[in-house]
Amino acid sequence: MADKILEICHLSKAFGDHQVLRDIDFSVSKGDVTSIIGASGSGKSTLLRCINLLETPTGGQILYHGRDVTAHGVNAARYRSHVGMVFQSFNLFNNMTVLENCVVGQVKVLKKTKAEAIESAKQYLNQVGMGPYVNARPRQISGGQKQRVAIARALAMKPEVLLFDEPTSALDPEMVGEVLDVMKTLAAQGMTMLVVTHEMAFARDVSSRVVYMNGGVIWEEGPPEQLFGEPRKPETRDFLSRFRKA
Amino acid sequence: MDKLIALVQDVGLLWSEYHVMYLNGVKNTLILALVATAIGFLIGMVCGILNTIPYTDRDPAPRRIALKLLRALIRIYVEVFRGTPMVLQAVFICYGLPYFTDKALAFTGNSGIWLCSILVVSINTGAYMAESVRGGIISVDPGQTEGAKAIGMTHVQTMVSVIMPQALRNIIPQIGNNYIINLKDSSVMFIISFTEFFAAHRYIVGVNNMYFPSAAIEMLGYLTMTLAASFLLRLLERAMDGADSYELVQEDALTMTAGTYNHPDRRTPFDERSKEVREREKQKLKFGRNRGER
């Protein structure tokens with residue numbers, strides 16, 4: 001295995017008395033495409049949000065290249081700039097155009113010059129097929145287009161890992177494909193990705209590893225052929241069979 | 001009908017005699033309202049921004065205590081100046097300051113009255129604006145903050161680039177509200193002998209007892225000022241919303257037309273604007289309805 005970018009050790013998260021994540025252990029290596037599947041409320045999204053420190057874990061560690069980022073005094077903003085995130089609800093900046101959305105982070109966080117930032121923003125927008133829309137505002141484009149812009153915005157920060165939090169769940173069915181296509185291309189280019197998804201076909205065909213979460217723990221994990229082909233645990237089988245029927 | 005004609009004649013009479021005084025009052029009212037609303041808005045911005053600095057239990061204790069103290073102080077300021085009449089605040093500050101400083105600090109002469117008036121109306125407006133700005137900041141979708149955090153922006157960067165521009169757009173109706181209220185309510189500054197529009201009325205009727213015709217002039221004058229203010233604010237809002245259409249950038253030089261995409265008409269079944277925008281519209285309606293409440 002190549003070098004580990006992220007190692008999650010005994011991670012737990014509780015909201016008050018409600019224990020959402022218990023003793024999560026897993027790691028992300030360069031080039032991995034990991035899909036996290038599981039029923040609603042199983043803690044998938046919370047796990048992703050903990051990894052990006054949008055939620056503060058209540059226990060355990062997150063090691064980024066061996067350094068614990070949950071420790072006091074760690075510059076969370078700088079860490080986040082290395083770990084990109086794509087949200088279910090896109091979260092594009094409504095007060096900016098498509099281009100500005102992809103420029104602002106590069107200028108403010110990476111301290112690039114505006115010209116450089118615009119150059120690379122255009123390049124990434126072209127990559128996701130949104131090149132012609134640089135002057136549009138988020139309210140003027142469709143959900144699928146917004147999500148592609150959001151991916152370009154994350155890519156423009158040149159992250160080591162990209163986290164996807166149910167990137168297609170808020171989309172109309174006919175728009176899911178365009179976003180998944182972009183994600184497949186990224187995976188093929190060797191981008192390290194961690195994807196929370198309900199798109200089983202994507203998990204099966206694109207990812208190098210699938211994690212099934214149930215009740216706040218990692219119930220089963222493995223390569224997609226094994227997890228989809230011959231799941232070891234009955235709960236995993238149940239979950240997958242429910243999806244097959246649907 | 002006779003009475004109406006008589007009224008018009010009286011108004012004409014008053015106007016030809018005293019229009020310099022009325023117009024001077026209008027000028028002073030406009031300046032006071034504009035300056036005080038601007039300063040009050042700045043006070044409100046500072047308070048609102050300080051009030052919404054986030055902190056968690058993991059932050060070091062001094063930072064948490066300082067932020068809690070700050071919030072308490074702003075709370076007291078807001079409650080005191082929102083909870084007492086402006087006319088009393090004017091008296092209290094204008095006569096209280098020399099009283100406590102043994103007349104070392106006093107508002108004397110014309111400039112003193114101006115200073116005191118601007119001070120009182122600004123502080124009063126600031127108390128209302130503090131809450132408006134806080135509301136404006138809170139009403140911006142939390143997803144915007146998360147989006148900014150996720151690309152590594154700090155709290156300050158997020159506020160400057162993402163949150164405040166959206167919050168400001170949301171509170172423009174409130175700024176307009178306060179400006180219009182100040183246009184009218186600055187009339188209580190006659191109490192410290194500030195010569196605004198209403199003070200002109202008081203002086204003129206004191207001379208000739210023509211209460212009703214003078215009041216008619218005042219009504220028309222105030223209404224003209226507030227309507228003009230409303231109109232200008234609408235223009236500003238529309239300018240801030242930007243164009244409804246955008247140019248597609250064509251990379252292919254052989255393509256004949258660079259088509260313009262028109263956004264579907266508002267308030268039609270084809271209006272596909274995002275949920276946030278619709279939410280904002282709703283809020284604007286709500287603000288409008290609360291107008292009288294201040």
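## Salt bridges, cores and the A–B interface

In chain A, the side chains of A:Arg148 and A:Glu178 form a salt bridge, with 2.9 Å from N to O. A:Arg148 belongs to helix α5 and A:Glu178 to helix α6 of chain A, so the pair ties together parts that are 30 residues apart in sequence. The model is predicted.

**Salt bridges**

- Over all chains, the count of salt bridges comes to 10.
- A:Arg209 counts as buried, at 17% relative accessibility, and A:Glu221 is partly exposed, at 29%.
- In chain B, the side chains of B:Asp59 and B:Arg63 meet in a salt bridge of 3.5 Å, N to O.
- B:Arg63 is partly exposed, with a relative accessible area of 38%.
- A:Arg49, A:Glu55 and B:Glu146 are joined into one network by salt bridges that share partners.

**Nonpolar cores**

- The largest nonpolar core holds 43 residues, and those with the most contacts inside it are A:Leu125, A:Ile151, A:Leu162, A:Phe164, A:Met183 and A:Met193.
- Two or more residues each come to this core from α3 (98-108), α4 (114-127), α5 (143-156), β7 (161-165), α6 (173-188), β8 (192-196) and α7 (200-206) of chain A.
- Helix α6(A) gives the largest share, eight residues.
- A second, separate core has 30 residues, among them A:Leu47, A:Ile51, A:Leu54 and B:Ala150.
- Beyond its neighbours within four places in sequence, A:Met193 is in contact with A:Asp32, A:Val33, A:Thr34, A:Leu162, A:Phe164, A:Met183, A:Leu186, A:Ala187 and A:Phe202.

**Helix α6 of chain A**

- At 1.5 Å a residue, the 16 residues of α6(A) should span 22 Å, and the end C-alpha atoms are 23 Å apart, which agrees.
- Which residues of α6(A) are buried? They are A:Met175, A:Val176, A:Val179, A:Leu180, A:Val182, A:Met183, A:Leu186 and A:Ala187.
- Seen down the axis of α6(A), these buried residues fall within an arc of 155 degrees, so they line one face of the helix.
- The face of α6(A) turned away from the buried side carries the exposed residues A:Glu174 and A:Ala188.
- The cover over the buried residues of α6(A) includes β3 (33-38), α4, α5, β7, β8 and α7 of chain A.
- After α6(A) comes A:Gly190, which has a positive phi, near 95 degrees.

**Helix α7 of chain B**

- Helix α7 (residues 197-208) of chain B has 12 residues and reaches 17 Å from its first C-alpha to its last, close to the 16 Å expected at 1.5 Å a residue.
- B:Phe197, B:Ala199, B:Ala200, B:His201, B:Ile204 and B:Val205 are the buried residues of α7(B).
- What covers these buried residues includes α1 (2-51) and α8 (211-241) of chain B.

**A:Asp165 in strand β7**

- A:Asp165 lies in strand β7 of chain A and is buried, with a relative accessible area of 7%.
- A:Asp165 and A:Gln88 are 77 residues apart along the chain, yet their C-alpha atoms are separated by 5.6 Å.
- Leaving aside neighbours within four places in sequence, the contacts of A:Asp165 are A:Ser45, A:Leu48, A:Met85, A:Val86, A:Phe87, A:Gln88 and A:Val196.

**Interface of chains A and B**

- How many residues of chain B are in contact with chain A? There are 34, and they meet 35 residues of chain A.
- The two chains bury about 2,900 Å² between them, 53% of it on carbon and sulfur atoms.
- Of the area that chain B buries against chain A, 24% is supplied by B:Arg58, B:Ile151 and B:Tyr246, more than by any other three residues.
- One salt bridge is found across this interface; the side chains of B:Glu146 and A:Arg49 meet in a salt bridge at 2.6 Å, N to O.

Key
Residues numbered from 1 in each chain as written. Chains lettered and ligands numbered in written order. Predicted model: local features only at pLDDT ≥ 70, side-chain atom pairs only at ≥ 80, totals over all residues. Heavy atoms only, no water. Core = buried A, V, L, I, M, F, W, Y, C linked by side-chain atoms within 4.5 Å. Buried < 20%, exposed > 50% of the residue type's maximum accessible area, 1.4 Å probe, protein only. Helix = DSSP H or I, 4+ residues; strand = E, 2+ residues; numbered from the N terminus. Contact = heavy atoms within 4.5 Å. Expected span 1.5 Å × (residues − 1). Arc of directions from axis to C-beta. Salt bridge = Lys/Arg side-chain N within 4 Å of Asp/Glu carboxyl O. Buried area = accessible area lost by both parts, 1.4 Å probe.
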